[in-house]
Amino acid sequence: MTGPLRIRSGKSGEATTAVGSMLRGSLRRGALLLAASLVLVALAAACAREHPLDTLAPAGPDAAEINSLFYPVLGVAIVVFFLVQGAIVYLVVRYRRRQAGADGSSQSQGPDSAASDDGDDGDDGDDEYPLQVHGNLRLELAWTIIPTIVLAVISVFTLTTLVKLEEVSAAPDDLRVTVVGQQWWWEFQYHLDGNTSTPPDIVTANEMVMPVGVQVPLEITSRDVIHSFWIPRLNGKRDAVPGRTHPWVIEADRPGRYGGQCTEFCGLSHAYMRMYAVAVTLEEFDEWVARQLEPAVPLLEGEAGYEGQQIFLANCANCHVVNGVSDTNLDGLPDEPGIYGGGNQITSSLVSGAAPNLTHLLSRTTFAGSVFDLYENRAKYLRYNSVADRGKLNRGELDAWIRNAPARKANAPDDSRGMPSFPGLSDSEVSDLIDYLATLQ
Ligand code: HEC
Ligand SMILES: [Cu+2]
């Protein structure tokens, strides 16, 4: 009887019962832990449904490239895991301390007790340390050279993949998108002629609409701290670093709405810095572009939304641009190409110097770092469609946001980042504002 849990003592019966109840206790604890982790997993899975970040379901050639590197490397890792763990388990079992015999006379603790042993190699139930080896040249060479070869082979495939991911197949005058990260949302600036040194044609936020089956070159940068751009179903990550522009490409081979997330910790609301890439057919993309290119038309007194527009101009327009409405007073300001869509529009204390362009707010489906739904029926916009298909505007979310945005998504502690709260606005003013936002199709 050499079971590892058996305690040998004068009162072995009692001890065994004690061990038994301890064992039952820890089993119960184990079961509880298991149940708790299952609940956690279920909860986490629920999060994933809301905003899936699936690395194992590539929807474009770049992500597929990464995936086809992932599986072989995982395979190698699994083999190495079982070899190493297997060796450890084997050695642990093979050289574990054993009782000398059924009478339980030996309770010795290592080499000191060698005298009481029968002197063999510890294989047949004694407690002697086995033969100690050190500096076995052949062994050490083996466990240095084998991993080196394994890693060298993996690195060849890794480097090949990395080089492939850098390849730009799009023509230089094709669509190019500058991606600007800032605390805590994403701006997308579309250069329809591929020239990123001139002001962008379209500026939008958090949802990047793109044509399917076409490689879209990106230039990724930041207005403040380091962020990281990641839409796992379309490609790997690329850092957004202030003062630098990192080239990247993205391509979807089927229409869909692909979740993304900032993956470089960037401050308080980092977790709420999400985004979507929305891949649509070429036709739908052209429609989208045509609509985005149109500026908003200033509303005249008596038109629906006029009151809200005036409140907007007084309270919101110093941060938010609405093309054709709140950028007209900015003529003559120095151009900062690729930053604010042509003119330096921000007059507030925002350190990042930018707030989402709201000209076509309603053509998006989420807002504020893709954290809140702009429409009530989520199922209606899983694919990108005309505004008419979206169902009801989510006035509740907009209302809560306008009154007290920091309560919904934390600002920087000194309020230098994020949208301020507007406790001074009355119920009817907020409602007028939402009526106005509803005109920004
Ligand atoms: C001090 C600058 C500032 C002012 C003033 C301001 N906002 Fe904002 N607003 C922001 C910033 C910054 C964001 C992005 C916040 C985020 O995503 O975390 C934002 C986000 C938004 C969004 C979501 C846009 C999107 O696509 O994500 C809406 C809608 C909005 N603001 C409406 C308003 C309205 C209405 C007012 C006036 C009552 C207003 N804002 C005043 C800075 C401002
Ligand atoms: Cu970030």
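I count two residues as in contact when they have heavy atoms within 4.5 Å. I am working on a predicted model.

**Entry 1: Gln-309**

I started at Gln-309, which sits in helix α5. Buried or exposed? Gln-309 has a relative accessible area of 3%, so I put it down as buried. Next I asked what Gln-309 is in contact with, leaving aside neighbours within four places in sequence. I found Val-297, Pro-298, Leu-299, Val-325 and Tyr-436.

**Entry 2: Val-430**

I moved on to helix α7, where Val-430 lies. The relative accessible area of Val-430 is 0%, so this residue is buried. I again left aside neighbours within four places in sequence, and Val-430 is in contact with Asp-399, Arg-403 and Leu-425. I also looked up the C-alpha separation between Val-430 and Ala-400, and it is 9.5 Å. Along the chain, these two residues are 30 residues apart.

**Entry 3: the copper ion**

Which residues coordinate the copper ion (ligand 2)? I noted four: His-227 through ND1, Cys-262 through SG, Cys-266 through SG and Met-273 through SD. These distances run from 2.0 to 2.6 Å. I then checked the geometry. The angles among the 4 donor atoms are 91 to 124°. Four donors count as tetrahedral if all angles lie between 85 and 135 degrees, so I wrote the site of the copper ion (ligand 2) down as tetrahedral.

Along the chain, the donors of the copper ion (ligand 2) follow the spacing H-x34-C-x3-C-x6-M. His-227 and Met-273 link distant parts of the chain, 46 residues apart. I located His-227 in strand β6 (residues 227-229). Met-273 is in the loop between β9 (256-261) and β10 (274-280). Both His-227 and Met-273 are buried.

**Entry 4: the iron atom**

I turned to the iron atom of ligand 1. His-320 coordinates it through NE2 and Met-419 through SD, at 1.9 to 2.1 Å. What is the geometry of the site of the iron atom of ligand 1? With 6 donor atoms and angles of 83 to 179° among them, the site is octahedral.

His-320 and Met-419 also link distant parts of the chain, and they are 99 residues apart. His-320 is in the loop between α5 and β11. Met-419 is in the loop between α6 and α7. I looked up accessibility for both. Buried means under 20% relative accessible area. His-320 is at 11%, so it counts as buried. Met-419 is at 18%, so it is buried too.

**Entry 5: the largest pocket**

I looked up the largest pocket next. About 570 Å³ of space lies in it. How many residues line the largest pocket? I noted 37, and those nearest its centre are His-320, Ala-355, Pro-356, Trp-401 and Met-419.

α6 gives the most, with 3 residues.

**Entry 6: helix α2**

I checked the length of helix α2 (residues 61-94). At 1.5 Å a residue, its 34 residues should span 50 Å. The end C-alpha atoms are 49 Å apart, so the span agrees. I then looked for buried residues in α2. Asp-62, Ala-63, Asn-67 and Leu-69 are buried. What do the buried residues of α2 pack against? I noted α3 (137-166) and β8 (246-250).

**Entry 7: backbone checks**

I looked through the backbone last. The peptide bond from Gln-183 to Trp-184 is cis, with omega near 0°. Trp-184 is in the loop between β1 (176-182) and β2 (185-191).

Asn-206 has phi near 70°, a positive value in a residue other than glycine. I located Asn-206 in the loop between β3 (202-205) and β4 (207-211). At 3% relative accessibility, Asn-206 counts as buried.

Ser-370 has phi near 55°, again a positive value in a residue other than glycine. I found Ser-370 in the loop between β11 and β12 (372-373). The relative accessible area of Ser-370 is 4%, so I logged it as buried.

Definitions and conventions:
Residues numbered from 1 in each chain as written. Chains lettered and ligands numbered in written order. Predicted model: local features only at pLDDT ≥ 70, side-chain atom pairs only at ≥ 80, totals over all residues. Heavy atoms only, no water. Donors = N, O, S within 2.8 Å, 3.2 Å for Na, K, Ca; no water. Tetrahedral: all angles 85-135°; square planar, octahedral: opposite > 155°, others 65-115°. Helix = DSSP H or I, 4+ residues; strand = E, 2+ residues; numbered from the N terminus. Buried < 20%, exposed > 50% of the residue type's maximum accessible area, 1.4 Å probe, protein only. Expected span 1.5 Å × (residues − 1). 1 Å grid on protein atoms, 1.4 Å probe; cavity = no way out; pocket = protein on both sides within 12 Å on 5 of 7 lines; lining within 4 Å. Points joined across faces, edges and corners; volume = space filled by probe spheres on them.
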